Structures are given as C-alpha cells and as structure tokens.
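I set out to record what could be looked up about chain contacts, sheet order and domains. My entries follow the coordinates.

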Amino acid sequence: MLEVRDLHVRYGNITALHGVSFNVQAGEIVTLIGANGAGKTTSLHTVSGLLKPVQGSVRFLGQDIHGRAPEAIVRLGLAQSPEGRRVFSGLTVAENLAIGATPWRKGRDAITDDLDRVYTLFPRLAERRTQLAWSMSGGEQQMLAVGRALMGRPKLLLLDEPSLGLAPIIVEQLFEQIVRINQQGVTILLVEQNAAMALAVATRGYLLENGRVVLEDRTERLQAHPLVKAAYLGG
Amino acid sequence: MSRGLMQKFSRPSWLAGLAAVLVLPALVPGQYAMQLVNLGLISLIVVVGLNFITGYCGQINFAQAAFWGIGAYVTALLTLKGLSFWFALPLAAVATGVCSLLLGVPTLRLRAFYLAMATIAFGEIVQLVLVHWESVTGGTSGLRNIPGITLFGHTLTGHREHYYFLLAWAALGLGLSLRIRASQIGRAMIALRDSEIAAEVMGVDTVRTKMLAFTLSSVYAGVAGSLYVSSLHYVSPDLFSNAQAVLFFVMLVIGGAGSAIGAVVGTAVLTVLPEALRFLKEWYLVLYGVGIILMVCFLPEGLVSLRQRWTGRRRSATRAAEPAPPVDVAAPVVTAQPADARFLKARSAMPGGEAWADAGLNVQAVTQRFGGLVALDAVSLRVAPGTVHAVIGPNGSGKTTFLNVLSGAYVAQSGSVQLAGTELIGRRPSAIARAGLSRTFQNIRVYKSLSVLENVMVGAACHQPAGWRGLLAILAGTAAQRGQEQALRETALQALHFVGLAALAQRPAGSLAYAQQRLLEIARALATRPRVLLLDEPAAGMNPQESTRLMELIVAIRDAGITVVFVEHNVRLVMGVSDTVTVFDFGKKIAEGTPQQVQADEAVIAAYLGRPRQRPAADPANAAGSTPEPDHA
Amino acid sequence: MLQLAINGLAMGAIYALIALGLLQIFNAVRIVNFAQGQLLMLGAFLGVTTIVQASLPIWLAYLVTFAAMALVGLIFMLVAYYPLRGKPFYLAILTTIAVGIVLENLVLIVFGPLPQSLPSPFGSAQVHLGELVIPQHVLFIFAATAVLLLAQWAFMKHTRFGTMVRATSMDMDMARMVGVSVRTTVAVAFMLGAMLAGAAGLLVAPLFLADPAMGSSLGLKAFIVSVIGGFGNLYGAVLAGLLLGLVETMAAGYLSSDYRDAIAFLLFLGFLFVRPQGLFGEKQSERV
C-alpha cells in the first residue's frame, strides 16, 4: 500500500534522513521506532506531504505522492494524527470530528454513521461532544486526534507518537483501540518512542538511528534485540 | 568611523563623493531646488534617527513626525521669546527625549506591534494638539517670523549658507550613527532584532536597549525639527502628520532598513522623486503606493541590497563561491595551548574575583505549569561545581522546560534555583546571565545579521551592559571606551580560537554551516565568562566526527573550571562525557547517577523503551472508557 | 443626554463593524490590515456610484457594492498576503498602508476632493420618542449591525465552511492535514473582511459625508477598538466599539468637540499602559 524508497530529506541546514526505505502492506500495523531525533517524525511528515524529499520516492496505492500538497494526499485515503495531537483548540469535540470528514464529504453527505463508529470506539468522546477541545486532558485529546483522522475514512492511518505525555494506563487503553481499528480494516503506520508498546501491537518494525534504518524485522524478533536498547540508551 | 564602511568604497570614490557634496550648491539649478536639498538634509537626520529603533532594533515607530513637530514648535516658541537658537536646540532635544521616555517605558516591554499602535496614537494626539491649541501653537496658520541661526556673530541667510550648516549636522548625525553601529550598543540592538531571547540570555537588557534606541530616534527628530524651523522661519501643523511618519518609514525601508547608508539613499530618492514626478499630480501618490508594494515584493531589503546582489554575482562569476572551511576535525582542541583558555580563567575581572569559579546549581522543588499541564513536578537536583551534568529523558519529559526555567525564559511557579547562593527564579534572563549562567539553544539562534566575531562580542559585553553613560562615552569616543571595545574584541577572538572558529571571524553568522553555527553559539556563551553553561541538544544534527569534536570541547570547558549542564539525546555523547546523569520522565526526576548506573536502571529503561508486554487483546469487553479510569493530569 | 448616548452607540456599532472586518483578516492570517479604513471608504464611494450616479434601487446597489467589495478583498489578498508569507511583519504593515494610499488616491482622482453625499435608504425620516429625535437611519444602523453580527456568527459557528475558516485560524497546517483547502478559507476571510468594511462605509456615509480621507481616522478607531477588546476576540471588539462610541460622543458633547478624536487615542494609550491585553485578551507569556 505504501512504499517509501531511499528518502533523503533536509530540515533547513541539516540532512534529517539519509536514504530511508520502508513499506507498509495492506492490513498491517508497521512501526518506526528509535530515539528522539532519529528521523521518525520526519519520515511521517514526508509521507503526509508536509516535507518534500530532495531525493527518493513515496508511493501510495500505486501513485507517486512525494512533493504533493498535504490537502491532496489526504484525499487519496491517508490520514494523520500528528505529534502533539494538534486538536483544534477552539472547536468542540463534535466539530473536530466533523472537520475530519472533509476529505470525502461533499455537500450534505451525512457523517452520522462515521461519528457513531468513532463514539463507539471512544465512549469518552461521546460523553464530551460539546466540550471545547482545549479543556480536555491529554488522553482525551489523543483519542480526539485519532477519531478525527478516522472520520476521513482513511485506508492508511499515520499515528505520530500517540503515547507522548500520557500515563501508562491510558496508553494501554489507547493501544487496545488501535488494534481494534486495525482489525476493522485500517492499515496503520505507527511512529513511537515507546518501543515496547509499539512492538507489542505491530506486526513489523523498523529501527531508525541518525536518519537511517538500522534494523528491520518482524516485531517478535525485534522485541529482545540488543540493538534496540542500544539505540536508546547506548551499549 | 566604521571600518567596514570605509572598506567598502575605495579612496578615490570617497574623495569624489566628498567633493561632489561640497560643490553641490553650484550644481543645483535655482533656489527652489536648493530649498528642497536642505529639506532633504533635515529629513535625512530624522530618518537616520529612525534607523536606530526601526532599522537596528526592528521595532516599528510612527512617532518620528510627531517628535519632529515637537522639536520644531518648542524651538519656535523659545526663539520667538528671545532665546538663542543654540539654547533652544538642546531644550527641544530634551523635550522630545522626555516624550519618548513617557511613551516608551510602558510600551517597549510589550510586543512590537503595540509600539506601532502607541506611536500612531501619539502622532494623532500631537497633531490634534498642534492644530487646536491655538493660543500657543497658532493653530492651522502656525507660527511665523521665527528667528534664524546666528553663527559666530553672522546670521545665516540664503539657502546656500543653510546648506553647509545643515550638511554639517547631517554628517554629524550620520557619523554618530555609524559610531554607535560599531559599538557594543549597536551590536546589542541588532542582536535583539535578530533574536530577542538570545540577546537577553547574553546579558543584553533588551528593554533598556530598546529605550535607548527609541530615545535616540526622538532626539534626532527633535534636533531636525529645531533646524527646520530656524532655517525656514515658519512652521505649521500639517507637516507633522501620520502620512509624514509613513513617508519617513518608507524612506528608511526603500533605502534599506538597518543601514545608515540606506537611509541616505532612501531619503535622497524620496526627496527628489516627488518633485521630478510633480507633473503626475494626484497620480503621483498612486504610483507611490504601487511602488511601495512592488518594492516590498521584489526588493524587501531596500535599494542597498542591490549593490550586494551585484557584487555577489560578480564575485561568484569570477570564482566559485568558496564554502566555509570545514571545522578542522583532525586537530583536537585539547591540544591547543592551555593558555588559550585563559580568558575563561581570568577571574579577576569577574564580580567576586577568584570566588567566581567553581559554582554549582542547587535546584529545589521547582514546579512549572502551563495552564493545566504540569511540565515540571517538584524537581530537585544538585549540580556539583566543575562537573559535566547531563539531563536526559524521553520526549515531553520536561528537559527543555528545565533549561528554560534555569535560564529565565520561564518563571517557575514554585521552588528555587540557586547559583552559588544567588536565587535565580524571578530574575530576568539578562540578570541571570550576569549572575554567571549562560546557554545555547536547540534551534540555533545566532545573530544572523552580525558577523561571527560580532556575535561573540555581544556575549563578551555581558558584564558591562551599556546604559546612558555608556552611550555618551561611545558618542564622545573616549579613550576608555575604545579600550573597552578592544578588550571585548580580544575576549571574543580568544573564545573563537577556543572552539576553532577564529578563521571565520569576519563572515556573516548566517553563512556558516550548521555545525559551525552550533560552535559559534558555544563561543558566544563562553564569552560571557559563565560559571555554569547550559547546552540545549548541542549535538543535534551533527555527524559522528563533529560529535567527537564536541565531546572534546565540553571536556575542555569543564577543565577550565566551568560547570556544564546539557540536555541531549545522543547517547554516545552523554555516556562518553558526563560525570553525572539525571533522567526525567513526565516532569519528574526518576533516576540520577553515573552514566553506567543510569544505563542499567530499570526505571530508566522502562521510561524510554516501555515495559516488555504481551500484545493487547482487543477484546470487545475491554473497550477503552467502559471502565472509568482515573486520568492523568 | 440620552440623545447623545444613542448617537454614540450608533457610531459604536460602526466601529464594531470595522473592527470585525479587521479581526477576520487578522485571525485568519495574522496580518493587521492598515487599510481597513480605506476599504470602508471604498464601500461608501461604491454606494455613491451605484445609488447616486447610477440610480440603482437601493437594495440592488447594496448587493452590487457587497459583490464588488468581495472582489476587492480577493485582490487585496493577492497583493498583501501571498507575496509576504515568511517575510518580517513590518513589511506586511507597509504593504497594507501602501494599498490604503493607492485606494484613497484613486478615489480622489475619480471623484475629486469634495465630499459627496450618500442618501440613506430611509432618507431623512425621523422617529420621535418623547423628547428624543432619532433619525431612522440610526435605527437602520443598529438593525443592520445586529443582522450582520448575527449572520457572521451563524456562518462561523453553524456552517461547515465557517468551521473550516475557524480551524484555519487556529492551526493552518493541521487544517491542511485534514483536507481543508486553506487557499479557499483564507480567501473567504479576506472577502468577509472587505465586505464588512464596505457595509460599515455604506452605513456611516449618510451620517456625515463620503470623502476620500474619511478612511484614516475610522481605520485607526478600528485598531483601537480591537486592542481594547482584546486583539482577536470578536465579542470584545463589539463591546469595545460600543463603549468607545458612547464615551467619545458623550465626552465631545460635554467637554470639547475639537478634541473628540483625542478621546479615543487617550483611551487607547490608557489601555496600553494599564491593561495591554484589553478587556478580554489573555496575557501573553514568553515561549522560547
């Protein structure tokens, strides 16, 4: 479904990615793990169109999408819950979710079914549908960000550090729902610093370090791999 | 006079320019044109003044026309009462200076936009007063028969005599402006424009510097008003309008804001052009507006930048643009003579003398909240003097917030931070810098408009911040002041030598490669002679060779007696160079010890990698939220 | 005294309208439009052209004026927004000032310097309430402002597109990431800003006269009102507008009418010194 080949991306003066390649097959949960600064979020931003690579390609559902505008890429069936959640702080929960449906919604198309699905996944959100987003807790905002992305009926869901700043219990609940979403047919590309959680839910994983992929394998084999620990905490 | 300026033009062109200026009255056709030239000289003084606050400091100021008017009317009223021009002039300058203080003190601590609005409002009020306070100002008809200027017993008459007189004043204003630019205060102004927070942490009191600039601007305008009124013998309010203020602004920007020469070019263009295009009548103003829009789109840095583009293109045509020489990786800094760190060790110049060295940090129960979010939760730690202390932790754990609280960018709600007994919380960043704590930034904040050397000189001036007295000394060009400038230069060069950038001293800071800019920030921070140095992700974006070089540098800094605290993700660097490591998670300290101890600590591993776990079974009975759980924060 | 109060509130309503237009643009793209007053002036003169010169029926004239103002808003966006992205903000200020100068002088060339009169839909009819004499136009101003405010509120809060505009002003990049066409929402913000200014022009011109220089002082009042209200806060701007109109007119009535404008500026400076965040703004904290 998603094929990223030999990405070289610059952030101002620095080269953040030195030839990163990975792919995601339909139905999988694939994770990119690595220490902060390794290039995980940069990779995600390049896929979603916020960054343009100086070299390399990104193909989604057979089409080249690198260099295209984010608005256009989103309409092809790709949605993102970004790092830091970035919910629209002055809008209510319901409004945040509604605006997530922008990619496919034409005119008066009803979104009630999609809303119901999200509320079933995250009953907390249903309870607070008229609450303003800025006043919600971190965990609730994360659920809202994921729900908003789901409203776009994506084929591929990009999750950028969903566990950031959340208590372990909330992270557990969140990841249970992430597995559920995947079982309902959404392919997921997950970027996480919390390697254990990511490796537990994903089928395959890539370990990034200093802008390069240094390890790639099925997650069962990655979980105990010494390189993973070394990447975060040194040998 | 500024060295840089004299270097840009060859001697023959200097002499030619001087000759042209002196001979000008002979070349100008007719009285009307001569009057125009004189008006241009007066405008030049106003615009050069505006350059201080708007060009150097980057703050928008629409009050120049009002200050000009105040200077003019004060002089007119005083000379009509019989006072000599030579007494009226300084009084007018004082009047405008006081006005600028009244206006500036409340607004300069706010965002730049507020100064723009306040100066517009001030301008409107001044014009209203000038028009309606008829008993004093003469209302719309203004004041007439204002006495002229007497010089050595001779009263100036005719446009030609006034020309040379005004020329002298304009040259004086320009010269002083260049002198300020080449001084510590000029560098501080430009530094604060390029990055206000990075200027603060280098010891620049940004509010006071802005105030100095604003007052200078107003005094220039006041003097210009005085000259205007005594040369023309007549004044009326319609000249001192907001439209005129806008015109001054445009003169500055069209020439090139931030450049005194730009002021000359812009003033010349906008003095001649309206006359040359007079035949267009009302269409002139339409053209004026369209011209501004086009200039902003295509030449935002003003006409002066044309010259840079042209010479830049010529230079690159004759030879390939030489890249900045790479940091010399092969020569480790530790083999540089230990004497090279002498500028760091020269404690006698520091407050407290020898006791300046060997200071540690004592952090107690610091809590920092942003709205409902607790970024730091009662954090306590000690940094032992003369050690390298790393702060690590996963994303969002509070590390950068911690550095920001230490350096004064945030004010913690509770707790205390003591540096060798001095409480830091609640102090301005510039005061903290003067207490001996300096820092670098994660997203690099070098002063791009200044050269590499000038960047470091800003840091070197940390403990001698220039105030009013310093300004006067600079203007007077005293020997003591020149000596001080030389000392700053030497300290800065030593700091650059220490980090290995001395060869790049004259380059504009913005042209350096990324890793070099990081080293520049370190040199700049070291030039403040800190007791504690904070480094915020110094290795971000560096390749392995550059990180190794950085490690050596940090060790050398520690060996010179400076305590180093740094935030970093690069594990090799942290483990290789730190004496102590503190680990944060969720705003709390979760572990502390030697690098080896911390590496093996279970809590640390769990914080970064998470605990090993089974794949969560997405059992319908376990849908999130069905069991009400207490939420975090 | 009540008479003064009513007139003051009417001016206040006008101020509120201009400020709203200003804030539409600011909330969307963080540009302070120094030409907002000139846009108002343009609206007034478009009214003169359609009503007085072309003798169109008033409702049609208003419609044409609004449509023209929307177009002007788009052109303004192309000139003052797109070329300036990423450049220092003082250049944006300079550009909007320049646009104001161009507009003012173009109108001067076309219409000449003499003030023109613009009739109200209600002519000079008046309403008598006891001792009060209220021109029907003043009532029309209140009604029109209320309708426009309501319409804007309904649009922003209750339409899909309005939500998109609000989202764009909160986080432009995120809006793009959910598929919002930010070009369109920014364009709408500029059009709204221009149309509101035009409406204010149509409403205020019958009170005084339309002349090319009327824009500058009204534009300044718009800033003052926005700052007093808390820059960015729409409700604050409305309240501040009414407040300013009231205070200004009363002070001019009882003290001196020469310094009428000075009241606004003094009030403004007062707020800047004492409470820069305005009535409803939040204190800004430094963020590194």
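The entries below go from conventions to the sheet, the domains and the chain interface.

Conventions. I note that this is a predicted model, in which local features need pLDDT of at least 70, side-chain atom pairs count only at pLDDT 80 or more, and totals for chains, interfaces and linings use all residues. Residues are numbered from 1 along each chain as its sequence is written, while chains are lettered from A and ligands numbered from 1 in the order in which they are written.

Sheet. I looked up strands and helices as DSSP runs (strands E, at least two residues; helices H or I, at least four; numbered from the N terminus). In chain A I found an open sheet of 4 strands, ordered S2-S1-S4-S5 with antiparallel pairing; pairing requires at least two DSSP bridges between two strands. Its edge strands are S2 (14-24) and S5 (63-64) of chain A. S4 (residues 55-60) of chain A is joined to S5(A) by 2 bridges, and Arg59(A) has Asp64(A) as its bridge partner.

Domains. By an automatic or database assignment, I read chain A as domain 1 (2-77 + 155-233) and domain 2 (88-152).

Interface. I then checked chain C against chain B: 34 residues of chain C are in contact with 34 residues of chain B (contact: C-beta atoms, placed from the backbone, within 7 Å). H4(C) gives the largest share of the chain C side, 14 residues.

How values were computed:
Contact = placed C-beta atoms within 7 Å.
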